[in-house]
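Subject: Handover of a structure and findings

Dear colleague,

Please find the structure below, handed over for your use. A summary of what was found in it comes after.

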Amino acid sequence: MTTTAPARPGLRDRLRRDWYRLRFELAMQDYPPKDYRRIARSLTAEIDAAAADTGMRQALRDLGSPRRLAAGYYAELDRERPRYWDGGIVLGLVLLGAWVCLLAYWGGAGDTLLAQGGGTVTLDYLGAPTTITATDDELALATSLTLRGTLVVGGLAAVGFALGSRLWRLLPRRTRQPA
Amino acid sequence: MPESPRDPQLLKGVLPILVLALLTERESYGYELVTRLQSDGLTDITTGTVYPVLARLERDDLIASRLVASPAGPARKYYVPTAAGSTELGDAVAAWRGLVTTVDTVLTRALPGAPALSKESS
C-alpha cells in the first residue's frame with residue numbers, strides 16, 4: 001500500500017518514531033559514538049522514507065525490536081565492543097561488597113569487644129586504619145582516607161570494572177599472517 | 001517438494017553481495033531495496049536486516065549515498081556502489097561462483113539422488 005505522506009510525519013508518528021529511537025539508543029550505548037551518530041541520522045531518514053510508503057507503524061514493525069536491530073549493527077562491527085554498563089554494574093557490586101564487608105567487620109569486632117567487657121581496637125581494613133569502639137554506652141566506627149586505602153579500594157573497583165566491561169576488547173587485535 | 005526454511009546464516013553471508021549487485025543495477029533507497037530483494041525471492045527479509053548491512057557497506061566506503069528531495073514525502077537517501085564497491089562485488093561474485101561449484105560437486109558426490117545444480121545457474 002502506498003500512502004501519500006507529508007514531508008514531515010505527524011505528531012503521533014514522530015512520537016512513535018522517537019520512542020523507538022530512544023529504545024534503540026539505549027541498546028546501542030556501547031557502540032562507537034561517532035558511528036552511532038551517523039547511523040542514528042541515517043536510520044531516521046530511512047524510517048521516514050519507509051513510513052511514506054507503508055505508514056509509520058508498519059515501518060517500525062518491519063525494523064523489528066530495537067534490541068534486535070542494535071544486535072544487527074553490532075554484528076556488522078569488525079570486533080566486539082566493551083560493555084561499559086556491565087562494567088559499571090560490577091564496579092558498583094564491588095564497592096557495595098566492600099561496604100558490606102566493612103559493616104560485617106565492624107559488627108564482628110564490636111561483638112568481640114563487648115564480650116571482653118568493651119573497649120577500642122584499631123584494625124586495618126583494605127589498607128585504611130579503622131578504629132572500632134564498643135562499650136555499653138557507645139558503638140562507633142571511625143576510618144580515615146589514606147593513600148594506601150584509596151589505592152586498594154580503587155584498584156579493586158578498577159579490576160572489577162575492567163573485567164565486567166571486558167575492557168580488553170579495546171586492545172588492538174593481532175591478525176595471524178599466512179605462512 | 002516444500003521449500004525448507006532458509007538458514008539465516010546463509011543469508012548473512014550473501015546479503016552484502018546481493019545489496020551491491022542490486023545497487024549496481026539501479027540505485028535505491030533503503031525500503032525500496034528491501035522490496036526489490038523480496039520481489040527476487042527473499043520474501044522474509046526486512047528493513048531490520050538490510051539497514052545494518054547498508055551501514056557497514058557505507059562505513060567501508062563500498063557504497064555512497066545522496067539525499068534526494070521527494071515531491072510527495074520526506075527526502076530519500078539513495079545508495080550507489082563506489083568504485084571500490086564495484087571491485088569488491090566482482091571479487092565476491094567470483095568467490096561465490098567458485099564456492100557454489102565446489103559445494104555442488106561435493107553434494108552431488110555424497111548424495112547421488114539429490115537434484116544437482118543446473119549448468120545455467122552455476
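This is a predicted model: local features need pLDDT of at least 70, side-chain atom pairs count only at pLDDT 80 or more; totals for chains, interfaces and linings use all residues.

Residues are numbered from 1 along each chain as its sequence is written, chains are lettered from A and ligands numbered from 1 in the order in which they are written, and side-chain values use heavy atoms, with hydrogens and water left out.

Cavity and pocket

Points are joined across faces, edges and corners, and a volume is the space filled by probe spheres set on them. Helices (H or I, at least four residues) and strands (E, at least two) are DSSP runs numbered from the N terminus.

The count comes to one cavity of 30 Å³ or more. The largest cavity has a volume of about 90 Å³, and its lining includes A:Arg38, A:Glu46, A:Tyr73, B:Tyr51, B:Glu58 and B:Lys77. Two or more lining residues come from each of helix H2 (33-54) of chain A and, in chain B, H3 and strand E3 (76-81). H2(A) gives the most, with five residues. The lining divides into seven nonpolar, one polar and four charged residues, where Ala, Val, Leu, Ile, Met, Phe, Trp, Tyr, Cys and Pro count as nonpolar, Asp, Glu, Lys and Arg as charged, and the others, Gly among them, as polar.

The second largest pocket holds about 660 Å³ of space. Of its 23 lining residues, A:Arg68, B:Pro8, B:Leu11, B:Gly48 and B:Thr49 lie nearest its centre. Helices H3 (56-63) and H4 (66-75) of chain A, and H1 (8-25) and H3 (47-59) of chain B, each supply at least two residues of this lining. Its composition is 10 nonpolar, six polar and seven charged.

Chain B

Chain B has four helices and three strands, in the order α-β-α-α-β-β-α from the N terminus. Of its 122 residues, 35% are buried (under 20% relative accessible area; exposed is over 50%, partly exposed in between; 1.4 Å probe, protein chains only). In helix H2 (residues 30-39) of chain B, the buried residues are B:Gly30, B:Tyr31, B:Leu33, B:Val34, B:Arg36 and B:Leu37. After H2(B) comes B:Gly41, with a positive phi near 120 degrees.

Positive phi outside glycine

B:Asp61 has a positive phi of about 60 degrees and sits in the loop between H3 and strand E2 (63-68) of chain B. B:Asp61 is exposed, at 54% relative accessible area. A:Arg166 has a positive phi near 55 degrees and follows helix H6 (147-165) of chain A. At 28% relative accessibility, A:Arg166 is partly exposed.

Annotated spans of chain A

An unreviewed UniProt entry annotates residues 84-106 and 145-168 of chain A as "transmembrane region"; such annotations may be inferred rather than shown by experiment. Residues 84-106 of chain A are 100% helix and 0% strand, with end C-alpha atoms 33 Å apart. Residues 145-168 of chain A are 79% helix and 0% strand, with end C-alpha atoms 31 Å apart.

Kind regards

Methods
On a 1 Å grid over the protein atoms alone, a cavity is a set of points where a 1.4 Å probe fits but cannot get out, and a pocket is an open set with protein on both sides within 12 Å along at least five of seven lines; lining residues have an atom within 4 Å of a point.
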